[in-house]
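Subject: Structure for your review

Dear colleague,

Please find below the structure that I am handing over to you, with its sequence. My findings follow it.

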Amino acid sequence: MYTEKVMDHFQNPRNVGEIEGASGVGTVGNAKCGDIMRMYLDIDENQVIQDVKFKTFGCGAAVATSSMATELVKGKTIYEALKVTNKAVMEALDGLPPVKVHCSLLAEEAIHAALWDYAEKHGIKIEGLEKPKSDIHEDEEEEEEY
C-alpha cells in the first residue's frame, strides 16, 4: 500500500521540531481527516531557506509528506520553494495511495502558509503566492455520502 520511501519518512521523519524565532510559520489542517501541519522556515537575507522544521498531527502519510516537503525546500530560495507542488512531494515519495493524496496537498499548503507568514512579517510580496487556506477543503464542494 505505501512505498518504501513513504514508510522511511514516516518511521524516520526528517526535520521534526520547531524553530525559535522562525522567519515564517504556517499552520494548515484538514477538518475532514483531522490532520494538522505546522511548518517553520528560517530564511536568510538572500531569501534562501537555511532551515526548516515541521510538527504534524495526523496519519503516517501526513508525517511522511511533511518530512519530504521539508527536504524539498531546504536550501532553496523562497521562489523555488513556492514551486514545490503536492505532485512533486508525491513523486519524491514514489507515490501515495489515492485516499492519501490530500496529505500532499496539506504539505504544499503548509509551505505556502509559512512563506505567506514570512512575507507578512517582512512587508514583502512574493509573486505568485496567494493567501493560503487554513483548511484545504474550504473551497471544495462537499463530497456526496452514500
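In the hairpin of E2 and E3, which residue takes a positive phi? The residue is Gln47, with a phi near 60 degrees, and the hairpin has five residues between its strands. Please note that this is a predicted model, and that the values below are computed from it.

Overall architecture

The protein chain contains five helices and three strands. Read from the N terminus, the order of its elements is α-β-β-β-α-α-α-α. The radius of gyration is 15 Å, close to the 15 Å that the globule rule gives for 146 residues, so the protein chain is as compact as a globular protein of that length. Along the principal axes, the C-alpha trace spans about 50 × 35 × 25 Å.

Of the 146 residues in the protein chain, 47% are buried. When contacts between residues at least 6 apart in sequence are considered, 62% of them join residues at least 24 apart. The protein chain exposes about 7,900 Å², and carbon and sulfur atoms supply 49% of that area.

The strands

Strand E1 covers residues 24-29 and strand E2 residues 36-43; the two pair in the antiparallel sense over six bridges. Within this pairing, Gly29 has Ile36 of E2 as its bridge partner, and Thr27 stands opposite Arg38 in E2. E1 and E2 form a hairpin with six residues between them, and Gly34 in its turn has a positive phi of about 90 degrees.

E2 also runs antiparallel to strand E3 (residues 49-57), to which it is joined by eight bridges. Ile36 is again involved here, with Phe57 in E3 as its bridge partner.

Tyr40 is found in strand E2. At 6% relative accessibility, under the 20% cut-off, Tyr40 counts as buried. Leaving aside residues up to four places away in sequence, Tyr40 touches several others, including Gly17, Glu18, Ile19 and Ala22, as well as Gly24, Val25, Asp51, Val52, Lys53 and Lys55. The C-alpha atoms of Tyr40 and Ala113 are separated by 9.7 Å, although the two residues are 73 residues apart along the chain.

Most residues other than glycine have a negative phi. Two residues may be viewed against that background. Asn15, which is not a glycine, has a positive phi of about 60 degrees. Asn15 lies in the loop between helix H1 (4-11) and E1, and at 12% relative accessibility it counts as buried.

Gln47 is likewise a residue other than glycine with a positive phi, near 60 degrees. Its place is in the loop between E2 and E3. At 26% relative accessibility, Gln47 counts as partly exposed.

Yours sincerely

Conventions. Residues are numbered from 1 along each chain as its sequence is written. This is a predicted model: local features need pLDDT of at least 70, side-chain atom pairs count only at pLDDT 80 or more; totals for chains, interfaces and linings use all residues. Side-chain values use heavy atoms; hydrogens and water are left out. Two strands pair if DSSP finds at least two bridges between them. Helices (H or I, at least four residues) and strands (E, at least two) are DSSP runs, numbered from the N terminus. The radius of gyration is taken over C-alpha atoms; the globule rule is 2.2 Å times the number of residues to the power 0.38. Buried means under 20% relative accessible area, exposed over 50%, partly exposed in between (1.4 Å probe, protein chains only). Contact means heavy atoms within 4.5 Å. Accessible areas come from the Shrake-Rupley method with a 1.4 Å probe; for residues, only the protein chains shown count as cover.
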